[in-house]
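Reader: I am new to this structure and would like to go through it by question and answer. Please show it to me.

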Amino acid sequence: MKLKFRNLAIAAATVLGAAMANPAIHAANYPTKPITMLVPFSAGGPTDTVARLLAQAMGADLGQQVIVENVAGAGGTLAPERLTRSAPDGYTILIHHIGMSTAPTLYRKLRYNPLEDFEHIGLINEVPMTIVARKDFPPNTLTELVEYVKANKDKVTYANAGIGAASHLCGLLFMSTVGVQVTTVPYKGTGPAMNDLLGGQVDFMCDQTTNTTSQIKGGKIKVYAITTGNRVSSLPDVPTTKEAGLPELEVSVWHGLYAPKGTPKEIVERLSKSLQVALKDPTVIERFGDLGTEPIAQERATPQAHRDFLKAEIDKWAPIIKAAGTYAD
Amino acid sequence: MELLNNLAVGFEAALTWTNLVYCFIGVFLGTLIGVLPGLGPTATIAMLLPITFTLPPVSALIMLAGIYYGSQYGGSTTAILVNLPGEAASVVTTLDGYQMARQGRAGVALATAAIGSFFAGTVATVIIAFFAPPLAEIGLMFGAAEYFSLMVLGLVAAIVLARGSLLHALGMVVLGLLLGLIGTDVNSGALRFTFDNPRLADGISFVVVAMGMFGLGEIIRNLEHEATRTMVTSKIESLIPTREDVRRMIAPILRGTAIGSVLGILPGSGSILGAFAAYSVEKKVSKYSAEFGKGAIEGVAAPESANNAGAQTSFIPMLTLGIPSNPVMALMIGAMIIQGIQPGPAVIDEQPDLFWGVIVSMWIGNLFLVILNLPLIGLWVRIVTVPYHLLYPAILAFAAVGVFSLNNTEFDVLLLALFGVLGYVFAKLDCEPAPMLLGFILGPMMEEYLRRALLLSRGDPMTFIERPISAGLLACAVVAIIIAFLPAISRKREEVFQED
Amino acid sequence: MSIRNPKDFWAGLIYVVLGLAAVYIAQDYEMGTATRMGPGYFPTLLGGFLALIGVVSLVRSFYVPGEPVGALALKATLLICGATLLFGLMLRGAGMIVSMIVMLLISSYASVRFRLVPAVLLAVGITAFCALVFVRGLGVPMPLVGSWFGG
């Protein structure tokens with residue numbers, strides 16, 4: 001009896017071992033162990049929140065845990081670098097936001113190419129930005145804001161969360177659309193920036209709905225517009241920039257999922273499918289809604305759509321950043 | 001009174017069995033992390049965030065909060081026993097705490113830290129309960145100019161911290177300021193002193209510097225005199241503070257609590273600055289100031305109270321305004337968002353059980369902590385009796401792992417080794433590490449606020465004096481410098497006389 | 001003229017070297033003006049100040065006497081810091097278990113009370129504890145077995 005069992009065990013192990021060594025079968029069985037999702041910012045921030053929600057839902061679909069690992073640093077460029085050094089076996093993926101498209105222009109010594117060095121899995125969501133100001137700032141609508149800024153361009157101050165942050169980009173776009181340069185005051189992150197806005201130390205800024213919604217609802221800051229095409233359910237009374245008169249001012253903090261270059265096509269497809277399933281998950285939709293965002297349309301959560309959009313964004317932001325002349329290195 | 005109603009709501013929420021258990025788990029974990037050098041509440045909370053998904057929001061926050069302020073308790077343990085600050089804010093506790101341990105009074109030092117922390121935590125919780133919203137408003141009145149002036153005051157404190165030569169204290173402070181500048185410049189985005197290494201783009205972590213200079217440096221120092229070293233092994237005196245000790249700790253605890261509570265509210269400065277400030281003030285004000293640096297009990301009581309008070313009051317901006325005052329608060333906000341709660345001014349009204357429940361649980365947590373920690377003192381003190389040649393490799397291992405866990409990169413471990421060498425060299429040259437560390441923290445902040453203040457005032461330097469709070473702080477700094485130098489001048493006179 | 005205060009002398013020298021290095025490197029950064037400081041302003045100011053303090057210390061070392069520095073514990077420094085360095089460098093390749101044991105053995109050797117068998121036992125024990133508590137328990141992402149060994 002014992003001998004028979006032992007033989008069986010050895011036979012099974014051999015077959016299994018041979019099977020594991022075969023990459024085709026490997027892909028078919030994917031995933032067989034937990035997957036790591038790299039997040040380029042520290043835990044607790046908006047991207048991290050989206051990542052964790054997604055990880056939960058994707059993990060349920062894939063049947064293996066998706067573990068979030070924060071690799072913060074260098075303005076969000078450390079994590080993609082890590083990804084380029086990771087094995088292309090589908091067990092390490094990366095979430096990143098609009099920063100992926102602006103990094104090549106902002107960082108002249110960047111060590112990776114967002115289009116060529118990664119496999120693109122799909123887009124995740126788009127978080128609109130809101131144009132907000134301190135409570136006692138004179139203008140009350142977007143049109144008034146533009147007039148006020150033009151008339152007082154030497155006195156007005158604009159806050160952002162640091163060079164390369166979404167709020168910085170939004171500010172650049174604002175200034176180039178309106179045609180006025182105002183004094184930009186950089187902060188280390190949106191927390192300190194919001195702090196000074198609440199305290200009335202600085203005049204106005206752009207920030208993601210994630211961070212501004214509760215302050216707006218609490219009446220502590222003023223809001224002028226949402227920078228995407230449609231109104232947001234969590235802030236139904238806020239007009240879009242298109243409605244309020246500045247249609248060119250469209251910025252959204254979009255998130256996308258990436259894998260190392262060379263990850264087998266079947267695995268990328270599997271991840272993409274899993275992403276689409278996660279985006280239909282009711283909890284994800286609900287939580288995204290609380291954050292002021294919603295999951296991206298299913299057809300954009302695909303590799304090709306992602307890659308095309310990324311290229312479009314890179315091309316959109318490059319001239320604006322170059323015109324401003326401030327780089328991150 | 002409305003307050004009593006609110007507290008009732010809070011007690012109801014906090015005193016459920018579930019929440020009591022989570023509170024206990026939180027403070028227990030927190031103490032453990034605080035004791036383990038290097039591993040801080042930020043890393044731990046980040047790792048535990050996924051678990052909080054499945055918990056009800058009140059329980060999740062209670063547990064996470066417990067981890068945070070619990071870690072302030074634990075951090076002092078290793079600071080006192082082996083000169084390794086378990087928590088950034090415990091750096092100051094090493095100054096006198098470790099000396100007390102060397103004199104066989106580790107137990108007393110630990111007890112002082114626990115008592116001071118408990119008192120401070122309790123008082124701070126009361127402050128939060130009564131004054132949270134107005135205090136948050138005051139926090140908002142601090143703009144860049146005010147912060148800059150506060151930092152200047154802090155720098156003056158650094159000089160006061162010096163034990164030895166004033167010149168070297170100044171040198172170390174400036175060196176610290178310079179080292180703090182390594183990384184990205186907020187105002188221009190430029191990378192400074194990073195030698196094209198992306199790992200330096202966010203600067204060097206405070207924990208790495210502290211571990212290297214205090215921890216490793218101390219290990220090497222001890223090995224130097226190994227043969228002649230009188231380790232504390234032989235004489236552990238009583239674990240309980242004497243009457244005299246208790247009498248001496250009262251005032252420092254009160255002062256430390258006050259200073260820590262105030263500074264904790266200000267986003268950015270947090271409990272570290274509170275601990276340093278409390279120590280400096282105590283040193284100036286105490287009649288035993290000559291003993292500071294050699295094992296004065298006030299030197300443990302004041303900073304420990306301050307850092308615990310600060311840990312509690314740093315919740316205020318987070319709970320009332322939804323603004324994180326430090327990375328741990330940012331994580332809590334993240335946890336709340338994942339739970340579907342929008343942190344911000346609405347939380348007090350829309351989720352009173354959350355708000356008041358967390359506050360009341362803080363008080364309960366402090367109680368748990370003192371009950372947990374006091375009996376453990378006997379255990380901790382035994383660690384000191386372990387033969388040093390067996391103990392220090394363990395210290396090294398914990399420091400290395402702890403430092404790694406900050407950013408999950410081995411580069412930090414390499415830096416740890418470098419600062420170990422530096423720490424040892426400077427120690428041999430009688431240059432104190434504490435002023436350097438304070439300069440390290442303050443440097444980048446000072447520059448950031450200075451430039452931002454000038455940006456906001458459009459280049460007008462008078463802004464620092466025109467704004468009342470800022471002017472007041474600068475005036476305090478000037479007064480402090482004068483007071484600091486008065487004895488120095490008369491001391492110089494004495495020296496000259498002696499040499500002749 | 002002889003050095004009367006070696007500690008002041010060496011400290012001063014270090015300050016001067018580091019201060020001047022800072023000023024030199026900062027030349028690459030924009031200076032700006034006093035009211036609109038560029039990234040290079042503060043570092044240059046501080047570096048210069050540090051060098052100045054260094055000079056004062058150097059000069060003082062020739063006049064005001066002080067204690068000698070005392071022998072440097074080179075062996076201890078090399079072993080402790082070297083062990084830490086090695087740990088960092090070997091971590092990904094050899095894995096945490098091997099690297100830590102190596103680090104602990106080397107650092108134990110710095111003690112005069114070093115004996116091989118207890119040191120090995122200690123190293124294994126501490127490593128096991130760290131692996132269980134930090135890596136398994138708290139989830140610190142350190143590879144237990146490194147890439148050289150197929151981890």
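Reader: What should I know about the model and its numbering?
Author: This is a predicted model, in which local features need pLDDT of at least 70 and side-chain atom pairs count only at pLDDT 80 or more, while totals for chains, interfaces and linings use all residues. Side-chain values use heavy atoms, with hydrogens and water left out, residues are numbered from 1 along each chain as its sequence is written, and chains are lettered from A and ligands numbered from 1 in the order in which they are written.

Reader: How much area do chain C and chain B bury between them?
Author: Contact means heavy atoms within 4.5 Å, and by that rule 63 residues from chain C meet 63 residues from chain B. Buried area is the accessible area (1.4 Å probe) that two parts lose on being put together, summed over both. Of the area buried by chain C and chain B, 79% is on carbon and sulfur atoms, and the total is about 5600 Å².

Reader: Which helix of chain C gives the largest share of the side that touches chain B?
Author: Across this interface there are 11 residue pairs in polar contact, both residues at pLDDT 80 or more; a polar contact is a pair of N or O atoms within 3.5 Å, where within protein one must be able to donate a hydrogen and the other to accept it, and residues adjacent in sequence count only if both atoms are side-chain atoms. Helices (H or I, at least four residues) and strands (E, at least two) are DSSP runs, numbered from the N terminus. Helix 1 (6–26), helix 2 (41–61), helix 3 (74–108) and helix 4 (116–137) of chain C each supply at least two residues to the side that touches chain B. The largest share, 16 residues, comes from helix 3 of chain C.

Reader: How many residues of chain B and of chain A take part in their contact?
Author: Chain B and chain A bury about 3600 Å² between them, with 55% of it on carbon and sulfur atoms. In chain B, the residues that lose the most area to chain A are B:Gln342, B:Leu456 and B:Arg458, together 15% of what that side buries. The contact takes 42 residues from chain B and 48 residues from chain A.

Reader: Which side chains meet in the salt bridge between chain B and chain A?
Author: A salt bridge is a side-chain nitrogen of Lys or Arg within 4 Å of a carboxyl oxygen of Asp or Glu. The rule finds one across this interface. The N to O distance is 3.6 Å, and the pair is B:Glu448 and A:Lys188.

Reader: Is B:Glu448 buried or exposed?
Author: Residues under 20% relative accessible area are buried, those over 50% exposed, and those in between partly exposed (1.4 Å probe, protein chains only). A:Lys188 has 49% and is therefore partly exposed. B:Glu448 has 8%, so B:Glu448 is buried.

Reader: Which residue of chain B pairs with C:Arg92 in a salt bridge?
Author: The count between chain C and chain B is two salt bridges. In one of them, the closest N and O atoms are 3.1 Å apart, and the partner of C:Arg92 is B:Glu410.

Reader: How far apart in sequence are the parts tied together by A:Arg300 and A:Glu126?
Author: A:Arg300 and A:Glu126 form a salt bridge, with the closest N and O atoms 3.7 Å apart. A:Arg300 lies in the loop between strand 10 (294–295) and helix 13 (303–324) of chain A and A:Glu126 in strand 4 of chain A, so the pair ties together parts whose separation in sequence is 174 residues.

Reader: How many salt bridges does the structure hold over all chains?
Author: Some salt bridges are linked in a network, which joins B:Asp185, B:Arg192, B:Glu447 and B:Arg451. Another pair is A:Arg111 with A:Glu81, where the closest N and O atoms are 3.9 Å apart. Over all chains the structure holds 28.

Reader: What is the relative accessible area of B:Ser305?
Author: B:Ser305 is in helix 12 (residues 298–313) of chain B. Not counting residues up to four places away in sequence, B:Ser305 touches B:Gly116, B:Ala120, B:Ile253, B:Gly256 and B:Thr257. B:Ser305 is buried, because its relative accessible area is 0%.
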